[in-house]
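Welcome! Here is a friendly briefing to read alongside the structure.

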Amino acid sequence: MLLHSGFNAIERAIQRPCALFLRRYFIPIPTVIRRNMESISNKEIMQQNESILEKIVIKQSQTTAQKVKEKATNAYLYMAYVVSVIVMGGMAYLLYEEMLAPGAPQTVFSKALSLIKKDPDCLRLLGDSIMGYVEGRGQIKQVAHHIYKKDGNDRTRVMFNVKGSRREGIATCEMEKSNGTWEWRFLIVSSVDLVPESVVLIDNR
């Protein structure tokens, strides 16, 4: 009995230090491991969050740059469109003033030539198949003209060559804008002979 009690006392004496030793040195290990795992997990989460934030910032910066680039491109295209419209409008105005307006040199030339072709005296002077032409270089030849104002009225004077089956001549004519209407002032055709002969079709001077 005494021997059994002694063994129990020795066992308790041995177990207590062992338990303290294990509790002190071995039991905290899982806690340390758990804390390390939690720390590692927190770091990974923070890194993931930082990566996500970086992606968002980069995407936002790229989106902003794309928007700025798109706005700049649209502004450039708009300016190019406005400039092209202005240039085309100016060219259309010049074309109208030069060729299509009632007092344009080309219009006066066409009207005068039409009257000359129908006039009996011009047919006698120049012959049949009368044609009008202008002298100059290049494919685009401009009718010789002079545009001016007198007494507040616009005037257009035109000079061009005429040619028939018999001879050549020079036509000189002028139209004036009076009260909003273009009217003839004069239309004269002269031959280019040594002794010129003239035909006065219109004279309202």
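Is Val83 buried, partly exposed or exposed? Val83 is partly exposed, with a relative accessible area of 45%, where buried means under 20%, exposed over 50% and partly exposed in between, using a 1.4 Å probe and protein chains only. This is a predicted model, in which local features need pLDDT of at least 70 and side-chain atom pairs count only at pLDDT 80 or more, while totals for chains, interfaces and linings use all residues. Residues are numbered from 1 along each chain as its sequence is written, and side-chain values use heavy atoms, with hydrogens and water left out.

**Overall layout**
- The chain has 4 helices and 6 strands, taken as DSSP runs numbered from the N terminus (helices are H or I with at least four residues, strands are E with at least two).
- Read from the N terminus, the order of elements is α-α-α-α-β-β-β-β-β-β.
- Of the 205 residues in the chain, 21% are buried.
- Among contacts (heavy atoms within 4.5 Å) with a separation of 6 or more, 44% come from residues 24 or more positions apart.
- The chain's accessible surface is about 15900 Å², and 60% of that belongs to carbon and sulfur atoms; accessible areas come from the Shrake-Rupley method with a 1.4 Å probe, and for residues only the protein chains shown count as cover.

**Aromatic rings**
- The count comes to 1 aromatic pair, where rings of Phe, Tyr and Trp (its six-membered ring) pair if their centres lie within 6.5 Å, and planes under 30 degrees apart count as stacked, over 60 as edge-to-face and the rest as tilted.
- Phe109 and Phe160 form this edge-to-face pair, with 4.6 Å centre to centre and 80° between the planes.
- Phe109 belongs to helix 3 (residues 105-118) and Phe160 to strand 3 (residues 153-163), so the pair ties together parts that are 51 residues apart in sequence.
- Phe109 counts as buried at 11% relative accessibility, and Phe160 counts as buried at 2%.
- The charged end of Arg205 sits over the ring of Phe186, 4.7 Å from its centre (the rule asks for NZ of Lys or CZ of Arg within 6 Å of the ring centre and within 35 degrees of the ring normal).

**Loop residues with positive phi**
- Ser129 is not a glycine, yet its phi is near 55°; Ser129 is in the loop between helix 4 (120-126) and strand 1 (131-133) and is exposed at 67% relative accessibility.
- Asp151, also not a glycine, has a positive phi of about 55°; Asp151 lies in the loop between strand 2 (144-150) and strand 3 and is exposed, with a relative accessible area of 69%.
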